[in-house]
Amino acid sequence: MKKFYSLFIVLFSVNIIFGQSLNADRKGIIESEKKKNLKSILDVNVNPNTLNYDLQYVRLELDLDPTQQCIAGTVTSHFKMLQNSPDIYFDLKNNLTVSNVKYHAQDLTFQQLSSDEIRINFPSTLSAQTTDSLSITYSGIPSTAEQAFVATATPAGDPILATLSEPFGAKQWWPTKQSMNDKIEKLDIKISTPAQYTVGSNGKLMSETILGNGKKLTYWQTNYPIPAYLFALGISNYTKLNSTITTTNSSFPFLNYVYPSWATADTQSKLDWTAISMQTFEDHFGLYPYRNEKYGHMQFNWGGGMEHATMTSMGYYGLDLIAHELAHQWFGDKLTCGTWNDIWLNEGFATMGEYVVYEKLLMSPAQFQTYLQSEMDNITSFAGGSVYVPDNQLTSNRIFDGRLTYTKGGYVLRMIKWILGDEQFYAMLKAYQNNAAFAYNYVKTNDFRDFLSSYTGRNFTEFLMIGFMGKDIQYIR
């Protein structure tokens, strides 16, 4: 009886709050996504120089201070060669200085290139299928232009260092492989900071150790495959609001690192609502993909949120923002778009996650139908436009287009649900995100199209031409 009463109070409260914040939250989500890269997107999704190896394990040992816009440390990478090669490339911004590359206790020669790469020369050609490793020691001041690594201050004036690497920001602050064809199977994240600060990151918190020299070593580890852009750090004098999420099928830590001034009953009530959303998403999408590690949030200064795997970075705690970023853990994180052309497979699916909580938790049927009509009006306010981003439109504004990538992407899925019915649609989503070829891997629009047709046994060719290739949406339920 006590649990039911608490749930009733939370749902009643969030309906009131939601009605006040809906428009601001959606706008904030989209604006935050656009800020992820302020310059034009490069004309490639894959660096051809990194195709000759599979990056398997990375250990980052970094010395960071949120009061300083600088980075220093060593990144050790274990890789499997896919081709015979005398060298290996990593993506790294050339304003960061590599001081040493160590390979089996031997110093290797290397060149830092104007193309934001480091080319490392092996003593002799490595053969295909060889598994090996090397360590890169580097330091420097990451540029703030791309906003991928920024040491600044919270609204209260406290230091904070936060990262946001989507789409091409990872190389701004660590040597890695950014191409959308390789997920790192395991990360060890060891961050040394002044002792008063807390470090949030991906995976499971293994230890926090006071070193005795005014420093603290924080050690996170993730054993789920992760693309470079979804690895993140948040460092500040966070207040920890930690608990456990228990759903019908699983239980796992729920870790939330918030600014001290945000450690309020209002913030806690919204965090409590996250657990309700988690249950709803497990019911409709399948088990939370990272339940062996955690879910949580770490606050940062961007206006919206970013779905870093297992620990979303949040600018504020709006209910649809919480839902959007949580849905990304299935669609965007577990299943990641295989090119930036296919970004709707991340953002459209997360928008569909918003629709699920609106319909199931936050709105009456009449309110929800009114909301859907406003979404359709937004989509059809201009003629045409594809959820798939054509090669000649790969710019930040087009990739994170609110009307097409988000709203129309979510609407296309809503239309598929109308065609299939609820039961088959949600069964299809569970099967899609559990498919062995897609789970913890990359997926493209054609992959989803082919899976949808195969799973349902229905011909979606004409429908998908309407939804994917840019014709206007005519109906929805």
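**Salt bridges and their surroundings**

A: In this predicted model, Asp422 is partly exposed, because its relative accessible area is 35%. Asp422 forms a salt bridge with Lys360, with 3.9 Å between the closest N and O atoms. Since Asp422 lies in helix H8 (residues 422-434) and Lys360 in helix H4, the pair ties together parts that are 62 residues apart in sequence. Lys360 is likewise partly exposed, with a relative accessible area of 37%.

Helix H4 (residues 344-362) also holds Glu359, which is paired with Arg414 in helix H7 (residues 402-420), 55 residues apart. This salt bridge brings the closest N and O atoms of Glu359 and Arg414 to 2.9 Å. The two partners fall into separate accessibility classes: Glu359 is partly exposed at 26% relative accessible area, whereas Arg414, at 5%, counts as buried, because buried means under 20%.

Elsewhere, the side chains of Lys171 and Asp116 meet in a salt bridge, at 3.8 Å from N to O. Lys171 belongs to the loop between strand E10 (159-163) and strand E11 (186-194), and Asp116 to the loop between strand E6 (110-113) and strand E7 (117-126), so that the pair links distant parts of the chain, 55 residues apart. Both Lys171 and Asp116 are buried. Through salt bridges that share partners, Lys93, Asp116 and Lys171 are joined into one network.

For the structure as a whole, the search finds 14 salt bridges, including the pairs Asp422 with Lys360, Glu359 with Arg414 and Lys171 with Asp116.

Terms used: Residues numbered from 1 in each chain as written. Predicted model: local features only at pLDDT ≥ 70, side-chain atom pairs only at ≥ 80, totals over all residues. Heavy atoms only, no water. Salt bridge = Lys/Arg side-chain N within 4 Å of Asp/Glu carboxyl O. Helix = DSSP H or I, 4+ residues; strand = E, 2+ residues; numbered from the N terminus. Buried < 20%, exposed > 50% of the residue type's maximum accessible area, 1.4 Å probe, protein only.
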